[in-house]
Amino acid sequence: MAERVFCIDFGSGFTKVALRPDPGATARLINDRDVETADFCFPSVVVVDRAGPKPVLEFGKKAAGRTASNGIEVHANWKKRLFLNPGPDDPTANPLEAFLRSDDLAALATQHGVTATQLGHLRAVVASAREMLAGVGIQPAGRHAQQQQFAASLAAHFFAWLRKEVMKECERLPHAGLRYDGIPARLTVPAFAHGADVTTHPGCRLLTAAAEKAGWPLHPTRPVVSEPYANAVGVLTKGVNLLKKDKYDLGGSFGKGPLVTALKDPDHYAPYRAVVIDVGAFTTDFAVLTMRPDGPGESDPDRAFAVREHSVALGMSDLDERVFRVLPAEKAAWLRARSADEVDGFRESVYTEGKPVRSAALGPIGAGAELEAIRGVVADFGAGLAAEVRQFLSSLGPGGSAELVLTGGGMFVPALREAVLSAAAADGREFAKVHGPGLKKQTGKPVDKLDPRFTRGGSALGGAGLYFEPEYA
Ligand SMILES: Nc1ncnc2c1ncn2[C@@H]1O[C@H](COP(=O)(O)OP(=O)(O)OP(=O)(O)O)[C@@H](O)[C@H]1O
Ligand SMILES: [Mg+2]
């Protein structure tokens with residue numbers, strides 16, 4: 001049990017942190033000063049400057065403005081490397097091993113008077129060494145494993161920086177005497193494999209280890225919760241946590257959010273559910289919370305809701321890669337060399353507003369025929385998202401009433417939002433109300449524009465919820 005908790009939603013593009021400063025307090029996002037610019041989003045970018053005698057690291061906003069150059073590495077969207085499945089080692093992925101097998105080495109050997117027999121022996125010695133190591137359980141690291149290890153070390157540095165930033169921000173909060181550095185933290189992670197024990201995924205273990213190494217005390221009983229589940233709780237409660245006689249007031253907490261109609265009249269609306277879809281930079285996350293008949297009277301979330309969740313590795317960074325491939329090579333190379341800030345600007349300008357960005361040397365990027373080609377790629381990507389939506393929702397039973405909540409940076413792109421909306425409403429499904437960014441009123445269906453705190457910060461706010469403290473049930 002934790003009376004107070006931080007929740008870190010480590011996002012591929014942006015990390016969000018929320019704090020619940022007391023059992024029954026509303027969770028708040030750290031650094032939430034200007035909601036329109038979503039200040040609470042810390043760019044998950046790390047710069048390693050190797051130009052001097054010692055490497056110098058930079059993080060967050062500062063790092064998001066940097067471009068790579070000689071000796072300066074910019075690491076953005078490295079979350080996916082943590083969650084790689086390295087699988088059995090592929091020797092060809094290791095550049096030295098690949099070289100050992102290559103014709104280039106054979107040619108070099110001839111040049112230096114090494115005979116084919118000697119080269120054959122060398123290759124045989126290396127192969128036996130590999131087998132010997134495998135026999136005692138040592139796998140010489142392949143490319144994926146190396147990338148994963150590197151990402152884990154970036155994570156430890158990033159979390160250490162994040163902790164300093166968060167502690168600094170907390171000192172400005174109005175809770176006199178609270179020892180913020182002793183408050184435990186919970187992390188959110190993708191729900192791969194439909195959320196079947198998210199804690200066993202190697203990426204999750206690397207992430208929690210990195211956070212501990214960085215000095216975050218982890219929550220004693222539930223250090224990890226899935227992103228879709230936390231997001232659903234965050235947007236449905238709006239971060240509110242209420243207590244009634246020292247027990248979690250589930251009805252009251254959810255009564256502030258979109259489920260309010262059903263809570264007032266459960267008989268009429270049952271089975272009542274909320275479908276939450278989040279399109280992020282690395283994953284698209286799905287959650288459905290279906291209220292059980294006695295749900296509103298319960299204080300135990302496990303008895304009030306049936307939950308299904310799922311994450312797929314499909315996000316805005318994949319869309320970028322596909323878009324770069326249809327652009328002229330020099331423009332794609334220019335875009336790949338941009339800072340994280342500029343890539344964000346490119347997404348908003350081109351995908352959302354349909355306006356090109358400009359390069360001094362190459363002119364407009366994303367105008368005319370290029371814009372048409374990009375629109376085609378965005379439409380294909382939207383079709384891929386739509387297929388995932390339909391598959392996830394296909395097992396929902398008929399009847400009842402449902403709210404649809406759209407979150408994540410990707411849902412700001414009208415073409416993607418429309419694709420997800422129509423897929424959600426396909427196969428005869430009906431939604432009483434749709435919540436999300438940039439929504440326009442559609443025929444007869446009420447819409448609710450979600451505040452950026454909930455479109456981007458839902459997982460952090462929900463993950464900090466009293467909902468995840470079973471001792472209060
Ligand atoms: N108005 C917009 N138009 C286009 N793209 C946008 C807009 N606003 C934000 N984005 C993009 O959406 C991306 C995803 O944002 P979000 O914060 O949801 O991702 P994340 O949480 O970091 O990723 P994940 O949850 O997959 O790890 C951002 O990297 C940003 O570039
Ligand atoms: Mg996210």
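The legends below describe close-up views of a predicted model.

Local features are reported only at pLDDT of at least 70 and side-chain atom pairs only at pLDDT 80 or more, while totals for chains, interfaces and linings use all residues. Residues are numbered from 1 along each chain as its sequence is written, and chains are lettered from A and ligands numbered from 1 in the order in which they are written.

**View 1. The shell around ligand 1.**
The shell around ligand 1 holds 22 residues, and Gly11, Gly13, Gly280, Gly409 and Phe412 come nearest. A residue is near a molecule or strand if its C-beta atom, placed from the backbone, lies within 6 Å of it. By class, this shell has 7 nonpolar, 10 polar and 5 charged residues. Here Ala, Val, Leu, Ile, Met, Phe, Trp, Tyr, Cys and Pro count as nonpolar, Asp, Glu, Lys and Arg as charged, and the others, Gly among them, as polar. Helix 15 (residues 340–352) gives the most to the shell, with 5 residues. Helices (H or I, at least four residues) and strands (E, at least two) are DSSP runs, numbered from the N terminus.

**View 2. Strand 1 and its two partners.**
Of the 5 residues of strand 1 (residues 5–9), 5 are buried, so the strand is largely enclosed by the rest of the structure. A residue is buried if 20 or more other C-beta atoms lie within 10 Å of its own, exposed if 12 or fewer, and partly exposed in between, with C-beta atoms placed from the backbone. Val5, Cys7 and Asp9 point one way from strand 1, and Phe6 and Ile8 point the other way. In a regular strand the side chains alternate between the two faces of the sheet. Strand 1 runs antiparallel to strand 2 (residues 14–20), joined by 5 bridges, and the two form a hairpin with 4 residues between them. Strand 1 also pairs with strand 8 in the parallel sense, over 3 bridges; two strands pair if DSSP finds at least two bridges between them. Isoleucine 8 has a bridge partner on each side: valine 17 in strand 2 and leucine 187 in strand 8.

**View 3**
Strand 17 (residues 401–407) and strand 18 (residues 433–436) run parallel and are joined by 3 bridges. Valine 405 has histidine 435 of strand 18 as its bridge partner.

**View 3. Two loop residues with positive phi.**
Most residues other than glycine have a negative phi, and most peptide bonds are trans. Asparagine 77 has a positive phi, near 55°, and is found in the loop between strand 7 (72–75) and helix 2 (79–82). Asparagine 77 is buried because 20 other C-beta atoms lie within 10 Å. Alanine 193 also has a positive phi, near 55°. Its loop runs between strand 8 (185–189) and helix 7 (202–213). Alanine 193 counts as exposed because it has 12 C-beta neighbours inside 10 Å.

Threonine 237 lies in helix 8 (residues 227–237). It counts as buried because it has 27 C-beta neighbours inside 10 Å. Threonine 237 and glycine 252 are 15 residues apart in sequence and 8.9 Å apart in space, C-alpha to C-alpha. Lysine 244 is in strand 10 (residues 243–244) and is partly exposed, with 13 other C-beta atoms within 10 Å. Leaving aside its neighbours within four places in sequence, lysine 244 is in contact (C-beta atoms, placed from the backbone, within 7 Å) with Asp249 and Gly252.

The chain is divided into domain 1 (1–43 + 156–473) and domain 2 (91–135), with bounds from an automatic or database domain assignment. The C-alpha centres of domain 1 and domain 2 lie 49 Å apart. Glycine 113, which follows helix 4, has a positive phi, near 75°.

Note on methods. Two residues are in contact if their C-beta atoms, placed from the backbone, lie within 7 Å.
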